[in-house]
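Trainee: I would like to go through the packing of this model. Can we take it one contact at a time?

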Amino acid sequence: MNSDLLIHRLDRQFPGLGFAEWRAGPYHALWEARAQRIGLVPFGVDGAIHGRAHTRRVLLLSAFLAARRSLAPEMADRLFMACVYHDTGRQDDQVDPTHGECSCAVYRRENPPDEVVEALIRWHCITDKVAMEQIGRLPQGAVTAFRMLKDADALDRQRFGDLRAEMLRLPDSRLLIPVAKYLVDFMR
Ligand SMILES: [Fe+2]
């Protein structure tokens, strides 16, 4: 679906969540640039579970969260880059706590080093407690960006129908639960 049409529909479906304002604000342009990249990066698996469609939804949900919390634009851009690559290293759709490292390797083959982007990708697939020991050492905003990536990834569990609100880390993420369901239906 055309992104303008999608945002228009989201704004009509969820009038209190500010999608029209998001479309006119700075996060939209950052999101759009990274969304275009999803078609170009290599994916180890590109099926219905962890492929490009999932990645597009995670990126868009992250972009909504970044706008709602006014994440600094330079940190938002790093978050969006991490979204693009976070599942590229998967070799199958099974539970795999090592694919963050493999996805990070894909990122590094194609981009200059960035400690924040690399950490977000590397640590997104393990427990928060262990991940935070690493993420907590990064520049200001990285912890929030990490929580946004994790919540956006969790919100897309709507594709399995087993999302629970208590899984989410940020209050804004809970507002996006029905939006995530809508995206599963319309961003395939
Ligand atoms: Fe994911």
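Mentor: Keep in mind that this is a predicted model. We can start with Leu-120 and its contacts.

Trainee: Leaving aside neighbours within four places in sequence, which residues is Leu-120 in contact with?

Mentor: Those within four places in sequence are set aside here. What remains for Leu-120 is Leu-79, Ala-82, Ala-145, Phe-146 and Leu-149.

Trainee: Which residues have the most contacts inside the largest nonpolar core?

Mentor: In soluble globular proteins, nonpolar side chains tend to be buried together. The largest nonpolar core here has 47 residues. Helix H4 (residues 52–68) gives the largest share of this core, 9 residues. Those with the most contacts inside the core are Leu-79, Phe-80 and Leu-120.

Trainee: How many nonpolar, polar and charged residues does the contact of H5 with H9 have?

Mentor: The axes of H5 (residues 73–85) and H9 (residues 142–155) come within 10 Å and cross at roughly 35°, and the crossing is right-handed. H5 brings Met-75, Arg-78, Leu-79, Ala-82 and Cys-83, and H9 brings Ala-142, Ala-145, Met-148, Leu-149 and Ala-152. By class, that contact has 9 nonpolar, no polar and 1 charged residues.

Trainee: Are H6 and H7 roughly parallel or roughly antiparallel to each other?

Mentor: The axes of H6 (residues 99–110) and H7 (residues 115–123) come within 7 Å and cross at roughly 150°. Angles over 145 degrees count as roughly antiparallel. H6 and H7 are therefore roughly antiparallel.

Note on methods: Residues are numbered from 1 along each chain as its sequence is written. This is a predicted model: local features need pLDDT of at least 70, side-chain atom pairs count only at pLDDT 80 or more; totals for chains, interfaces and linings use all residues. A nonpolar core is a set of buried Ala, Val, Leu, Ile, Met, Phe, Trp, Tyr and Cys residues joined through C-beta atoms within 7 Å. A residue is buried if 20 or more other C-beta atoms lie within 10 Å of its own, exposed if 12 or fewer, and partly exposed in between; C-beta atoms are placed from the backbone. Helices (H or I, at least four residues) and strands (E, at least two) are DSSP runs, numbered from the N terminus. Two residues are in contact if their C-beta atoms, placed from the backbone, lie within 7 Å. Axes are lines fitted to C-alpha atoms, for helices over the stretch in contact, and angles run from 0 to 180 degrees between N-to-C directions. Angles under 35 degrees count as roughly parallel, over 145 as roughly antiparallel, 65 to 115 as roughly perpendicular and the rest as oblique. A crossing is left-handed if the near helix is turned anticlockwise from the far one by less than a right angle, and right-handed if clockwise. Ala, Val, Leu, Ile, Met, Phe, Trp, Tyr, Cys and Pro count as nonpolar, Asp, Glu, Lys and Arg as charged, and the others, Gly among them, as polar.
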